Amino acid sequence: MAINFCFPKPQVSQPFSYINSPDREEIHKFCNMGSEAEILRKPRFLCLHGFRTSGEILKTQVHKWPESVLQKLDLVYLDAPFPSQGKSDVEGIFDPPYYEWFQFNKEFSEYTNFDECLAYIEDFMIKNGPFDGLLGFSQGVALTKVPKIKFLIIIGGAMFKSPSVAEKAYSSPVKCTSLHFLGKTDFLKEYGMELLKKCVDPVVIHHPKGHTIPRLVRSSPSIRSFSSKLGESNTTARMQNPESISHLTQREAAEVDEILMGPLGFSVDQLMELAGLSVASSIAEVYKPGEYSRVLAICGPGNNGGDGLVAARHLHHFGYKPFVCYPKRTQKPLYNGLVTQLESLSVPFLSVEDLPVDLSGDFDILVDAMFGFSFHGSPRPPFDDLIQKLVQLRNFAQNHPKSPVIVSVDIPSGWHVEEGDVSGEGVKPDMLVSLTAPKLCAKKFTGPHHFLGGRFVPPSIMDKFKLHLPPYPGTSMCVRIGKPPQIDISALRQNYISPELLEEQVVADPIEQFRKWFDDALAAGLREPNAMALSTVGKDGKPYVGSLFAIHC
Ligand SMILES: NC(=O)C1=CN([C@@H]2O[C@H](COP(=O)(O)OP(=O)(O)OC[C@H]3O[C@@H](n4cnc5c(N)ncnc54)[C@H](OP(=O)(O)O)[C@@H]3O)[C@@H](O)[C@H]2O)[C@@H](O)CC1
Ligand SMILES: [K+]
């Protein structure tokens with residue numbers, strides 16, 4: 001069944017061909033939608049039906065695709081603008097009404113109403129968009145009034161025979177990523193191949209059937225390739241748009257907690273372990289242990305405090321030197337266990353009295369794990385003073401060249417969970433690690449680093465709370481929300497000061513000399529000591545520079 005509207009004779013006696021099942025998974029990914037990545041919104045495709053059929057008929061056929069694929073796409077079906085002016089090949093198979101996009105002569109060399117057709121589609125896209133892609137329509141590039149679409153899925157698509165129409169439809173190369181289904185026995189395959197040449201970034205799936213909508217049933221590298229392109233592109237767009245990320249109210253956050261630990265079968269230990277690991281991973285993304293080694297985790301009486309204890313343990317394993325202040329211990333096996341684990345790693349526990357008045361001299365990172373989403377009212381002792389200590393850090397900054405950074409777990413302590421820092425006396429973190437999903441107060445966070453952690457949210461929660469969250473990259477336990485802060489390039493400059501190199505100091509054996517330099521580079525802790533630039537000056541006085549990477553020495 002053709003869904004490219006420009007050609008007649010849809011073959012309905014054998015309306016589906018088969019693509020095997022891993023392909024289905026690839027299409028999943030292609031739609032960028034692994035379960036957790038049901039992110040900001042599904043990609044919206046405008047689906048354009050074949051000649052003398054209808055949106056409803058196309059829908060019936062596409063909806064034979066597996067539900068697991070369909071649920072990841074937002075497919076919108078549109079009827080062509082003109083009622084069918086002749087017999088439809090699907091009469092008796094699918095019910096009327098039937099529509100056509102435009103008309104053409106027998107040789108497919110002249111077309112009428114083509115411009116009207118494009119205007120009609122554009123109008124629909126403006127009123128019902130935005131659309132991310134087109135399915136079944138091989139002339140997307142001719143649309144000029146709507147924002148450029150990012151993806152094309154062309155099933156049995158082909159080039160126009162009329163040079164003038166082809167010129168209009170494919171007036172420039174198709175620059176977006178395109179996925180082409182080409183049937184082995186499709187009578188339009190030759191033209192479909194022509195269309196491929198117009199596409200800058202095509203991915204082709206060959207199937208054994210004819211001019212049909214393939215069913216999705218095994219794997220192919222092509223879909224995988226297309227899916228990763230789609231994933232990359234969508235992810236980038238979404239990550240840069242924190243505005244469209246969901247935020248939970250206090251009540252919703254508690255409800256998510258209850259569902260996870262009720263019907264969904266999670267234990268608090270599990271979630272806390274993953275939450276704490278996310279916090280440690282986020283810290284490690286931004287603050288490297290070489291520069292920020294001394295960490296103080298200030299832990300509160302609830303689960304937020306538990307996250308802090310877990311994070312401290314992971315930070316120890318990541319190469320940091322954590323200390324813990326845990327003034328209101330919860331006497332439950334989970335918490336006692338977390339304390340024992342830290343003690344077994346010789347992580348020091350500091351009482352509030354042990355803490356210096358000015359924390360800036362002793363620590364590089366302060367983890368604020370005092371209160372999370374169950375905080376209410378004003379902080380009670382001893383946390384009121386502890387929060388004050390963090391707030392006052394800025395005042396001490398002038399005494400220390402490097403003030404410690406503050407990382408808040410889930411909620412900056414002292415903040416109203418929904419309203420933010422209403423009292424003006426809450427912690428002002430440099431990094432916020434939201435867990436599960438950001439809470440409403442996170443909208444007021446203005447620090448440079450906002451991360452999301454808690455990579456355990458199942459689709460049912462995503463659906464129930466209509467969560468739009470950024471996908472986690474690869475195997476990471478955290479993902480940045482929004483853009484990283486702008487870097488001052490001049491601040492990256494390093495001055496290299498080394499003794500002069502005199503000719504008489506150079507060793508006669510070049511390999512020996514190289515070893516010496518290599519050892520010096522290793523000892524200096526250079527990041528890639530095996531990478532170097534070799535400069536020489538020829539007899540003509542011209543310098544030559546080459547980059548070298550030593551692989552064996
Ligand atoms: N999916 C999830 O949901 C996950 C959630 N996780 C984590 O759990 C956190 C929520 O934990 P939570 O519910 O234990 O609450 P939390 O805010 O840590 O503290 C409550 C304690 O604080 C106390 N307290 C309250 N107000 C106070 C005040 N003004 N001054 C002094 N004390 C005050 C309160 O005592 P109360 O007032 O009830 O007597 C109680 O003892 C969440 O933010 C996240 O970090 C992750 O571990 C895993 C996944
Ligand atoms: K906190």
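Me: Why does Asp410 count as buried?

Reply: Buried means under 20% relative accessible area, exposed over 50%, and partly exposed in between, with a 1.4 Å probe and protein chains only. Asp410 has a relative accessibility of 5%, so the residue counts as buried. This is a predicted model, in which local features need pLDDT of at least 70 and side-chain atom pairs count only at pLDDT 80 or more, while totals for chains, interfaces and linings use all residues. Residues are numbered from 1 along each chain as its sequence is written, chains are lettered from A and ligands numbered from 1 in the order in which they are written, and side-chain values use heavy atoms, with hydrogens and water left out.

Me: What makes the contact of Lys439 with Asp410 a salt bridge?

Reply: The term requires a side-chain nitrogen of Lys or Arg within 4 Å of a carboxyl oxygen of Asp or Glu. The closest N and O atoms of Lys439 and Asp410 are 2.8 Å apart, and the pair forms a salt bridge. The partners are 29 residues apart, with Lys439 in the loop between strands E17 and E18 and Asp410 in the loop between strands E16 and E17. Strands (E, at least two residues) and helices (H or I, at least four) are DSSP runs, numbered from the N terminus. Lys439 has a relative accessible area of 2% and is therefore buried.

Me: How do you know that Arg52 and Glu100 tie together parts that are apart in sequence?

Reply: The side chains of Arg52 and Glu100 meet in a salt bridge of 2.7 Å, N to O. Arg52 lies in the loop between strand E2 and helix H2, and Glu100 in strand E5, so the pair ties together parts 48 residues apart in sequence. Glu100 is buried because its relative accessible area is 1%; Arg52, with 15%, is buried as well.

Me: Why is Thr185 called exposed?

Reply: Thr185 is exposed because its relative accessible area is 56%. The residue sits in the loop between strand E10 and helix H6.

Me: What makes Leu501, Val506 and Trp517 a nonpolar patch?

Reply: Patches are made of residues with over 30% relative accessible area and no salt bridge; like charges are joined within 9 Å, and nonpolar side chains (Val, Leu, Ile, Met, Phe, Trp, Tyr) within 5 Å. Trp517, in helix H14, has a relative accessible area of 42% and is therefore partly exposed. Together the three residues have about 290 Å² of accessible area on the surface, by the Shrake-Rupley method with a 1.4 Å probe, where for residues only the protein chains shown count as cover.
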